Amino acid sequence: MSLNTHIFLKEREEENSKFVEIQQSQTTSIAAEDPLQNLCLASQEVLQKAQQNGRSKCLKCGGSRMFYCYTCYVPVENVPTEQIPHVKLPLKIDIIKHPNETDGKSTAIHAKLLAPEFVNIYTYPCIPEYEEKDHEVALVFPGPRSVSVKDISFHLQKRIENGVRSRNDDLDKPSIKRKKTEEQDLNDNKCKETPLKKIVFIDSTWNQTNKIFSDERLQGLLQVELKTRKTCFWRHQKGKPDTFLSTIEAIYYFLVDYHTDVLKEKYKGQYDNLLFFYSFMHQLIKNAKSPGDKETRKITH
């Protein structure tokens, strides 16, 4: 092989390597800008048709809505229930909604529409009683006392152990038997699945959350924070960090982290359809902001 040929091949190899690096960098950049693009979603054709046809009525209250009724928590007439996905969740979800939160802007309703038997929505001051179940319920809310998703089981297990000790200390029994009973209870608990049975979310603007969060009925719950996720919500509030998520984003990302960090199972898109409505609306608004797309802007307005 001549020297010139060798130099040519080496330069060609370096050019190819740089091209691959550029392609990978662009792909990473696009994914970072649009984290919704690689979701495993059901066909959104039914939403596309509904968007083209415009509003239709709610079969429960008769109200005129687009896609779904935000007061009855059901799809509208031209979005048949059988054509939207049904998502199974590994635990129950309670959503506490601020009374001043605009129903039509709340993404919490998406969870109720897509996983109806797993999700309940309450309007503050209506809050379920968690006092007797604070060892199996957690609240997603940022703060200095918050723990990560992967540490939930550890902290709830400690609550169970402390509860067992407290109950046994009240029993009028010899200390040896009390110790055996406590050890047996702890061993039984360790054999069980993760103690978390329900997760609670607050649905409101960030400026309104303190009124709900400071309610004594929620103060005893373990707090969990999603520290590494960033929002792509189109109504992001000014002055707030991009880790402050919309309600449906918080539910989705919590479940993904819970699936991998607590259940220790590989995530294969099982909860992606929780973003079925959210991702569609995100794309609509993204298109509406693009220059030259007058038809989309007209429809979304």
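# Helices and a sheet in a predicted model

Student: Which residue with a positive phi follows helix 8?
Tutor: Bear in mind that this is a predicted model. Go to the end of helix 8, which covers residues 247–262. Past the helix comes a residue with phi near 60 degrees, and that residue is Lys 264.

Student: How many residues of helix 8 are buried?
Tutor: Here a residue counts as buried when its relative accessible area is under 20%. Helix 8 has 16 residues and reaches 21 Å from its first C-alpha to its last, close to the 22 Å expected. Helix 8 is mostly covered, and its buried residues number 14 of 16.

Student: At about what angle does helix 8 run to strand 8?
Tutor: Helix 8 lies across strand 5 (92–97), strand 7, strand 8 (198–203) and strand 9. Taking strand 8 as the reference, the angle is about 155 degrees.

Student: What is the strand order in the open sheet?
Tutor: We're looking at five strands with parallel pairing. Strand 6 (119–123) and strand 9 (222–224) stand at the edges with a single partner strand each, so one side of each has no neighbour in the sheet. From one strand to the next, the twist averages 30 degrees. Reading across, the order is 6-5-8-7-9.

Student: Which residue in strand 9 is the bridge partner of Leu 139?
Tutor: Strand 7 takes in residues 137–140, and three bridges join strand 7 to strand 9. These two strands run parallel. Across from Leu 139, the partner in strand 9 is Gln 223.

Student: Is helix 2 parallel or oblique to helix 9?
Tutor: Helix 2 spans residues 45–53 and helix 9 spans residues 276–289, with axes that come within 11 Å. The axes cross at roughly 50 degrees. Angles under 35 degrees would count as roughly parallel. With the angle they have, helix 2 is therefore oblique.

Student: Which residues in helix 9 meet Val 46, Leu 47, Gln 48 and Gln 51 of helix 2?
Tutor: Helix 2 passes helix 9 in a right-handed crossing. On the helix 2 side, the contacts come from Val 46, Leu 47, Gln 48 and Gln 51. On the helix 9 side, they meet Phe 276, Phe 277, Phe 280 and Leu 284.

Student: Now the whole protein: what percentage of its 301 residues is buried?
Tutor: The secondary structure comes to ten helices and nine strands. Among contacts between residues at least 6 apart in sequence, 72% join residues at least 24 apart. As for the buried residues, they make up 41%.

Notes
Residues numbered from 1 in each chain as written. Predicted model: local features only at pLDDT ≥ 70, side-chain atom pairs only at ≥ 80, totals over all residues. Heavy atoms only, no water. Pairing = 2+ DSSP bridges. Helix = DSSP H or I, 4+ residues; strand = E, 2+ residues; numbered from the N terminus. Axes fitted to C-alpha atoms, helices over the stretch in contact; angles between N-to-C directions. Contact = heavy atoms within 4.5 Å. Expected span 1.5 Å × (residues − 1). Buried < 20%, exposed > 50% of the residue type's maximum accessible area, 1.4 Å probe, protein only. Parallel < 35°, antiparallel > 145°, perpendicular 65-115°, else oblique. Left-handed = near helix turned anticlockwise from the far one by under 90°.
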